[in-house]
Amino acid sequence: MTITIAPHSAHPLTVARLGYGTMRLTGPDIWGEPANRPEALQILREAVDAGVTFLDTADYYGEDVTNRLIREALHPYPAELLICTKVGATRRPDKSWVPYNRPEQLRASIDNNLRTLGQEQIQLVHLRLMGAGPVPLDEQLDAMFELQREGKVLHVGLSNVTRAELEAGLQQGPIATVENMYGHAQRTTLVHAHGANPGGAEVLDLCEQHGIPLIPFFSLLHALPQADTRVAEVARRHGVTEAQLNIAWLLHKSHWLLPIPGTSRLAHLRENLAAATIRLSAEEMAYLE
């Protein structure tokens with residue numbers, strides 16, 4: 001199973017439809033070095049050896065821990081590997097997440113990603129929106145498209161966006177991908193103490209209409225604690241884990257979904273990748289709906 005990013009552009013990119021999100025390779029609270037560095041490096045190498053061609057990272061994971069791990073494990077990179085990073089946020093020493101989205105800050109983030117990853121161009125960058133703030137969306141996107149014109153960025157995507165923000169972005173320029181929270185158990189916007197995560201269900205039809213891959217994050221984080229009896233029943237029927245069933249559901253839900261389940265355990269990586277072999281019937285998908 002493959003998916004093409006920016007299929008109508010001059011530079012389309014085709015990747016396997018099950019990627020890997022690197023966030024969990026960091027220490028506690030997505031900060032610092034991994035507890036088991038050799039295993040983290042092995043996870044990256046085994047994922048790519050197993051056919052993963054899409055890695056999701058950010059320079060504010062760690063800080064910059066996942067980017068350095070990716071380079072140590074995989075550089076020089078295979079030609080088919082797409083490393084997608086994010087800008088628009090940063091971390092404070094107290095581990096809080098804050099906007100870092102003024103044009104000069106976005107430029108600094110791109111330069112930092114290029115330097116740490118050892119790349120001359122980042123093929124896909126998500127502008128991560130951090131809620132209402134002093135920097136308007138159009139000003140942030142202007143900066144991203146300027147970096148694209150300079151050749152530092154090949155494709156621009158959006159992350160953590162509402163439907164209205166995606167519609168506005170599409171009016172401003174080509175949006176290659178969207179990365180929003182989405183999974184079987186949590187499909188719509190989730191409001192929490194630190195803000196809100198717009199749900200993938202609110203933009204999926206728009207993504208499908210425009211041929212934009214939707215990359216779901218937190219797809220297992222919210223699903224596994226729910227103990228959904230339907231998921232458990234179908235998982236038992238197929239002889240798989242509930243985590244694997246949740247990934248299979250995403251792969252069947254829409255051709256435009258590109259799941260990136262992350263883990264810090266090699267055994268779980270192997271389980272997650274095996275979910276791509278699960279085949280769900282139309283009746284099972286209707287039951288799970």
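Student: How many disulfides does a search of the whole structure find?

Tutor: In this predicted model, the search of the whole structure finds zero disulfides.

Student: How do you know that C84 is in no disulfide?

Tutor: A disulfide needs two cysteine sulfur atoms within 2.5 Å. The nearest cysteine sulfur to that of C84 belongs to C207 and is 14 Å away, so C84 is in no disulfide. For C207 the nearest cysteine sulfur is that of C84, again 14 Å away, and C207 is therefore in no disulfide.

Student: What makes C84 and C207 count as buried or exposed?

Tutor: Buried means under 20% relative accessible area. C84 has a relative accessible area of 0%, so C84 is buried. C207 also has 0%, and C207 is therefore buried.

Student: Why is Y287 called partly exposed?

Tutor: The class lies between the buried limit of 20% and the exposed limit of 50%. Y287 has 35% relative accessibility, so Y287 counts as partly exposed. This residue is found in helix α10, residues 282–288. Leaving aside residues up to four places away in sequence, Y287 touches R230, E233 and V234.

Student: What describes two packed helices?

Tutor: The angle between their axes and the distance between the axes describe them. Here, helix α1 (residues 37–49) and helix α2 (residues 65–74) have axes that come within 9 Å and cross at roughly 65°. The crossing of α1 and α2 is right-handed.

Student: Which residues make the contact of α1 with α2?

Tutor: From α1 come R37, A40, L41, L44, R45 and V48, and from α2 come L69, I70, E72, A73 and L74. By class, this contact has eight nonpolar, no polar and three charged residues.

Student: How do you know that the reach of α4 is close to the expected one?

Tutor: The expected span is 1.5 Å times one less than the number of residues. Helix α4 (residues 137–150) has 14 residues, for which 20 Å is expected, and α4 reaches 20 Å from its first C-alpha to its last.

Student: Which residues of α4 are buried, and what covers them?

Tutor: L137, Q140, L141, A143, M144, F145 and L147 are buried in α4. Their cover includes the strands β5 (82–91), β7 (122–128) and β8 (153–159), together with the helices α3 (103–117) and α5 (163–172). Just after α4, G151 takes a positive phi of about 90°.

How values were computed:
Residues numbered from 1 in each chain as written. Predicted model: local features only at pLDDT ≥ 70, side-chain atom pairs only at ≥ 80, totals over all residues. Heavy atoms only, no water. Buried < 20%, exposed > 50% of the residue type's maximum accessible area, 1.4 Å probe, protein only. Axes fitted to C-alpha atoms, helices over the stretch in contact; angles between N-to-C directions. Helix = DSSP H or I, 4+ residues; strand = E, 2+ residues; numbered from the N terminus. Left-handed = near helix turned anticlockwise from the far one by under 90°. Contact = heavy atoms within 4.5 Å. Nonpolar A, V, L, I, M, F, W, Y, C, P; charged D, E, K, R; others polar.
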